[in-house]
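Here are a few notes to read alongside the structure. Have the viewer open if you can, and take the points in any order you like.

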Amino acid sequence: HGVVAGIIPWNFPISVFVRKFAPALVTGNTAVLKPSELTPLTTLELTDLIHREVDLPPGVLNVVPGDGSNTGAAVTGHPDVRGVAFTGSRATGKTVLRAAADRIAPVSAELGGKSPSVVFPDADLERAVGGTVRSFANSGQVCYAPTRVFVHEDIYDPFVDSLVGAVESMEIGHGLDAPDIGPVITEGARDRIAGYVDDAVADGATVLTGGEIPREEGNFYTPTLLSNVDDDAPIACDEVFGPVLTVHEFSGEDEVVARAND
């Protein structure tokens, strides 16, 4: 392509940086990377390390910090950028695609999701619960985390009981203390998560565990499980991007495949 732009999100600022820069470089491109305005220092430090440790020619790796609406738009819309690798929200992804379309520049877009997990009666319950709890990694701030858990009616009660116990045993704390659950990215993100849960409860959802801001200091939200959530409820359709799972009961394979794919 030539010059490739990479837009890096805040939730995995090291790994996504590498996933943008390394493939661009090994396929003969140079890179201009725009980190999230919430986590620019990680990208700048890694870039400095690369330039100190690797004899890269000038201009091969470039980092331009700033916000999305100004800096991001300038990078992705620049006429010399011939390819774009974007990781972020669906809304911003649409903006990036529109900007690149004017130049017919290819875009790889890794956007948000609302992934399902389906637990059938013959599942190993211990492993299924352990796998479900991993959805709380990075405080649930993962685009591919399966946040809708569909459980067969024959095993629903024992599965939920075990899952609640596993979630309630998770430790919340500062990231340097190696907790199970750390803070979310900002106070605004914490309040947005709380708003989704509060609205769901107001609409009839049941809090199986969690559902609260555990302390005044820090952007923490307790790992939360909700049941009695309609498939078309906002919390079951929107990407909450926090430590919140909804648990749904099903009775048949055709039913759950249709609901999971909806």
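1. A word first on what you are looking at: this is a predicted model. With that in mind, let's begin at phenylalanine 250, which is buried, with a relative accessible area of 1%. Its ring pairs with that of phenylalanine 120; the centres are 5.5 Å apart and the planes stand at 80°, so the pair is edge-to-face. Phenylalanine 120 sits in the loop between β6 (115–119) and α5 (125–133), while phenylalanine 250 belongs to strand β10, so this pair ties together parts that are 130 residues apart in sequence.

2. How many aromatic pairs does the structure hold? There are three. Another of them joins tryptophan 10 and phenylalanine 241, with ring centres 5.5 Å apart and planes at 85°, so this pair is edge-to-face. Tryptophan 10 comes from the loop between β1 (3–7) and α1 (15–26), and phenylalanine 241 from the loop between α8 (234–237) and β10 (244–250), so the contact ties together parts that are 231 residues apart in sequence. Phenylalanine 241 is partly exposed, at a relative accessible area of 21%; the cut-off for buried is under 20%.

3. Arginine 215 lies over the face of phenylalanine 220, at 4.4 Å from the ring centre. Phenylalanine 220 also touches glycine 182, whose contacts beyond its sequence neighbours within four places include Ser139 and Gly173 as well. Glycine 182 is in the loop between α6 and α7 (187–202) and counts as buried, at 14% relative accessibility. Its C-alpha atom is 5.8 Å from that of isoleucine 172, ten residues away along the chain.

4. The 13 residues of α6 should span 18 Å at 1.5 Å a residue, and its end C-alpha atoms are 18 Å apart, which agrees. Its buried residues include Tyr156, Phe159, Val160, Leu163, Val164 and Val167. An α-helix has 3.6 residues a turn, so residues three or four places apart point the same way. Asp157 and Asp161, on the other side of α6, are exposed. The buried residues of α6 pack against β6, α5, β7, β8 (206–209), β9 (224–227) and β10.

5. Leucine 225, setting aside neighbours within four places in sequence, is in contact with Phe136, Leu163, Val164, Val167, Thr206, Val207, Leu208, Thr209, Leu245 and Val247. Threonine 224 is in strand β9. Is threonine 224 buried or exposed? Threonine 224 is buried, with a relative accessible area of 0%. With neighbours within four places again left aside, its contacts include Phe136, Val197, Thr209, Pro243 and Leu245.

Note on methods: Residues numbered from 1 in each chain as written. Predicted model: local features only at pLDDT ≥ 70, side-chain atom pairs only at ≥ 80, totals over all residues. Heavy atoms only, no water. Phe/Tyr/Trp six-rings, centres within 6.5 Å; stacked < 30°, edge-to-face > 60°. Helix = DSSP H or I, 4+ residues; strand = E, 2+ residues; numbered from the N terminus. Buried < 20%, exposed > 50% of the residue type's maximum accessible area, 1.4 Å probe, protein only. Lys NZ or Arg CZ within 6 Å of the ring centre and 35° of its normal. Contact = heavy atoms within 4.5 Å. Expected span 1.5 Å × (residues − 1).
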